[in-house]
Amino acid sequence: MTFRAPVSEYEFLLNHVVGYDAIPATDRFAEATSDVVSAILNEAGKMCGEVMAPLQRNGDLTPAYLENGVLRTSPGFGDGFKAIAEGGWIGMSAPEEYGGMGLPLTVATAVNEMMAGACLSLQLAPLMSQGQIEALEHHASDAIKELYLPKLISGEWSGTMNLTEPQAGSDVGALSSKAVPNGDGTYAVSGQKIFISWGDNDFCGNICHLVLARLPDGGPGTKGISLFLVPKFLPDADGNPGKANDLKVVSLEHKMGLHGSPTCVMQYDGAIGWLVGAEHGGMAAMFTMMNNARLGVGGQGVGAGEGAYQHALAYALERKQGRTASGTIVDHADVRRMLMEMKAELFASRAILLACAQAIDMQAATGDKTWASRAAFLTPIAKAFGTDTGIRVAETGVQVHGGMGFIEESGAAQYCRDVRVTAIYEGTNGIQSMDLVARKMMDGGEMASALIDEIEEQAERARATHPNMAESVWQACESLREATEWLVSQQDMQDRFAGSVPYLRAFARVLGGHYHLAAAMADQGGPREKLARFYITRMLPEHSGLLAHAQAGAAGTFALSLEELAG
């Protein structure tokens, strides 16, 4: 099927909902005006629809594979990546001094989400490079930046992130990979890493791996970990790929979805690498890349959901069944309910993504710590809610198809299979939720309260034109405030953790109501006001049950013994 990038949706959100106008009002992003951004989004949208979308099924039906140790990518993926690179889409928010566009992350987030909707398997490749670019920009030496950044930004080379090991998943501190100084400023890196997205390809001149490993004097846990840049080919005196490094792809993971994206088991046997950041400071550098990736993965969830929604809507408009006004299933009440829920959920999660990106841009442009705190608080919500939305919307898309949704040829199931992992990688959504109620509330709930105040202030303004919707959002805010105060008061972290997932979802629900209400105020009598009324009337009330769960404490969660769980 064809894919239409949601350019107009992004233009509306940026101009009327998430306050994008504050970004070009800063010196740093003064040139990124609404007109410029609109032109960029339209150009990216064309590339997504014309180049990437036709590759969606190719990647699923003809996966990447290893042939005598050489990785062969899905048909057309090399040309697709080239188009992404030549369009400058890899380096959208990268520094101009190294060949990037220097655009706000908010714009890059929109483009990345559109690319994910067109072909998620391929979009993963530039996303990995973008994360590495940011990590190197903030932590690498000038020599490394001068050599690697231009090539990563141009797409001549690509980047990866190597954290996970067979015995060390989310507990990164349990890793066993080692790095030994060679005495010449380089290090010999050894160990095995798993789940490495795009760990190799056959269309870039070099693959640059960021690898976490422990130096001989590195202590146990995360504090003893360092970060190393380990290229597939060692650059020669002219900076071109030279001798092959001592690393290889052992195998490719056989996955539920994302078949076009090779997920590699990587082996390093004394491979030459260069330290990035300080010794034993690897986690600080890696978190720069991971936080970028968490926002990006949230966008992947929303993008895959958009693809699934468009796929389901197209089917519903064509499938003839029953006696309806149009003669198709789109006019059955339950099918219409599913489509409305999909569209309303995508709008809410997309707005949260952009609000998070906007906070990151404002912090970068102003240095204001309040923006940094806001971005930090919204990041786990954007990642978890964005990916949960993608999964729910893709699953609903299968339901809209009915029996055909369970048939692979319809293409509906691919969205479900592809998007499912997004709730797992870059920190599971449970970890995101625990982070929200623990580290992000070390301020005593100050940032949470500031956001709640902001939502209530808008609700008060909306009473003049949308009294019923405004009251619903305001009341939901008060319930959220009470739950937040309860969580902050809990000294036993298990009581917070037990309710962290429903709390995050409830916070996202209320934020969704906030952004839908803003849309209704900006589009009175229009389709977005109608969608907002649907969300606030039918979906926002979910927050009540979620907050009850969030405040139930841990005792009930552990009520059954291990024997009783198995019984």
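## Helices, strands and the model

Helices are DSSP runs of H or I with at least four residues, strands are runs of E with at least two, and both are numbered from the N terminus. By that count, the protein chain has 19 helices and eleven strands.

The model is predicted, so local features need pLDDT of at least 70 and side-chain atom pairs count only at pLDDT 80 or more, while totals for chains, interfaces and linings use all residues. Residues are numbered from 1 along each chain as its sequence is written, and side-chain values use heavy atoms, without hydrogens or water.

## Overall build

How does the radius of gyration of the protein chain compare with the globule rule? The value is 24 Å, close to the 24 Å that the rule gives for 567 residues, so the chain is as compact as a globular protein of that length. The radius is taken over C-alpha atoms, and the rule is 2.2 Å times the number of residues to the power 0.38. Along the principal axes, the C-alpha atoms fill a box of roughly 70 × 65 × 55 Å.

Of the 567 residues, 57% count as buried (under 20% relative accessible area; exposed is over 50%, partly exposed is in between; 1.4 Å probe, protein chains only).

## The nonpolar cores

A nonpolar core is a set of buried Ala, Val, Leu, Ile, Met, Phe, Trp, Tyr and Cys residues joined through side-chain atoms within 4.5 Å. The largest one here has 157 residues. Inside this core, L136, Y503 and F507 have the most contacts. Helix α9, residues 333-366, gives the largest share of the core, with 16 residues.

Beyond neighbours within four places in sequence, L136 is in contact with I144, K145, Y148, L149, L152, L210, L229 and V276. Another core, of 17 residues, lies apart from the largest one. Its members include A179, L215, M266 and Y268.

A508 is in helix α16, residues 500-522. Is A508 buried or exposed? A508 has 0% relative accessibility and therefore counts as buried. With neighbours within four places in sequence left out, A508 is in contact with I352, I381, F385 and Y535. I352 is 156 residues away along the chain, but its C-alpha atom is separated from that of A508 by 7.8 Å.

L487 is in helix α14, residues 467-489. L487 also counts as buried, because its relative accessibility is 0%.

I194 and F195 are next in the tour. I194 counts as buried, because its relative accessibility is 12%. F195 counts as exposed, because its relative accessibility is 52%.

Sequence neighbours within four places aside, I194 is in contact with T164, E165, P166, E253, C264 and V265. The C-alpha atoms of I194 and N58 are separated by 25 Å, and the two residues are 136 apart along the chain. F195 has a backbone feature to check: its phi is near 60 degrees, a positive value in a residue other than glycine. Most residues other than glycine have a negative phi.

## Two loop residues

N68 sits in the loop between β1 (65-67) and β2 (70-72). N68 is exposed, because its relative accessible area is 80%.

D331 is in the loop between α8 (282-318) and α9. D331 is partly exposed, because its relative accessible area is 31%. Apart from neighbours within four places in sequence, D331 is in contact with T324, A325, S326 and R336. A316 lies 15 residues away along the chain, and the C-alpha atoms of D331 and A316 are separated by 8.6 Å.

Methods. Contact means heavy atoms within 4.5 Å.
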